[in-house]
Every structure is written in structure tokens, then in C-alpha cells.
Amino acid sequence: MVKLVAIALIFSTVIIYLKSINSELSMLALVGAGIIIIFYVLEYFSNTFIFLSQLVEKSGIDKDFYKIIFKITAIGYLIEFGASTMQDFGLNSLANKLIFAGKIIILSISLPIIYAVYNLIIGIVV
């Protein structure tokens with residue numbers, strides 16, 4: 001965790017310095033910093049993925065639901081990263097449209113889970 005904060009602070013300093021010299025170069029450094037931070041966090045993400053897949057195997061939950069939940073989570077994080085990067089570039093309108101599109105994609109992917117919950121509720125009520 002300390003390494004991540006140190007990396008972010010170093011990149012912040014470099015980006016602020018580059019912004020005074022060349023704003024285009026600072027934007028490239030900003031994107032590069034974001035990508036490096038994401039790659040640093042991927043190790044933690046893979047450990048979490050392994051743990052959750054072991055948990056699903058032991059719980060008896062349908063693996064298709066696990067895949068759907070994993071896709072929804074991944075899409076949410078990717079959309080948030082993309083939208084934040086766009087906002088850093090000053091493209092707030094495009095970032096909002098990306099977030100809206102992400103919500104629609106997440107809704108469409110989650111329909112099988114919504115259908116399963118609906119069937120569960122109907123089975124309990126009837």
C-alpha cells in the first residue's frame with residue numbers, strides 16, 4: 001500500500017511539473033500513471049478473484065451467476081477508470097455518456113440474475 005501511495009505521489013509531482021512545461025506531455029504522463037497504478041493493483045485483484053472462485057465452489061452457487069457478477073464488477077471498474085481519465089482531460093460530457101452507457105450494459109448483463117431473483121420470489125409467494 002505504501003508503494004502505491006509513493007508511486008502516485010511521484011507521478012503527481014512529475015505531472016504537475018510537466019504541466020508547466022508541456023500540457024500535452026503531462027496528459028500522456030497522466031494516462032501512463034493511471035495504467036501503471038492499475039497494473040500494480042491487478043495482483044490484489046487476481047488474489048481476490050481466486051478467493052471468490054473458491055468461495056463459489058464451496059457455496060454451491062451457480063457458476064454462471066458468478067461469471068455475471070464478475071463481469072458486472074469488471075465493467076464498473078473499467079467504466080469508472082475511463083470516465084475519470086476523460087474527466088482529467090476535461091471531457092466531462094463524454095465521461096457522463098460513458099457512465100450512462102456502462103449502466104445500460106450492466107443492466108443488460110444482469111438480466112439473468114434479475115430473472116432468477118424474480119423466479120425465487122414467485123416460488124416463495126406461490
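Since we are looking at a predicted model, local features need pLDDT of at least 70 and side-chain atom pairs count only at pLDDT 80 or more, while totals for chains, interfaces and linings use all residues.

Let me start with the first two helices, where helices are DSSP runs of H or I with at least four residues, numbered from the N terminus. Helix α1, residues 2–21, and α2 have axes that come within 7 Å and cross at roughly 170°; the axes are lines fitted to C-alpha atoms over the stretch in contact, and the angles run from 0 to 180 degrees between N-to-C directions. The two helices are therefore roughly antiparallel to each other, a label that is used for angles over 145 degrees. On the α1 side the contact includes L4, I7, F11 and I15, and on the α2 side it includes L30, A33, I37 and V41, with contact meaning heavy atoms within 4.5 Å. By class, this contact has 15 nonpolar, two polar and two charged residues; here Ala, Val, Leu, Ile, Met, Phe, Trp, Tyr, Cys and Pro count as nonpolar, Asp, Glu, Lys and Arg as charged, and the others, Gly among them, as polar.

At 12% relative accessibility S110 counts as buried, which means under 20% relative accessible area with a 1.4 Å probe and protein chains only. Leaving aside residues up to four places away in sequence, S110 touches I68 and I72.

The largest pocket holds about 470 Å³ of space and is lined by 14 residues, of which I38, V41, Y77, L78 and F81 lie nearest its centre. Both α2 (23–59) and α3 give two or more residues to that lining, and α3 gives the most, with eight. By class, the lining has nine nonpolar, three polar and two charged residues.

The second largest pocket has a volume of about 240 Å³, and its lining includes F45, F49, V56, Y66 and F70. Here the largest share, seven residues, comes from α2, and the classes are nine nonpolar, three polar and no charged residues.

I will finish with V56, which is in helix α2 and is one of the residues lining that second pocket. Is V56 buried or exposed? At 11% relative accessibility V56 counts as buried, and V56 touches I61, K63 and Y66, not counting residues up to four places away in sequence. V56 and I106, by comparison, are 50 residues apart in sequence and 21 Å apart in space, C-alpha to C-alpha.

Definitions and conventions:
Residues numbered from 1 in each chain as written. Heavy atoms only, no water. 1 Å grid on protein atoms, 1.4 Å probe; cavity = no way out; pocket = protein on both sides within 12 Å on 5 of 7 lines; lining within 4 Å. Points joined across faces, edges and corners; volume = space filled by probe spheres on them. Buried < 20%, exposed > 50% of the residue type's maximum accessible area, 1.4 Å probe, protein only. Parallel < 35°, antiparallel > 145°, perpendicular 65-115°, else oblique.
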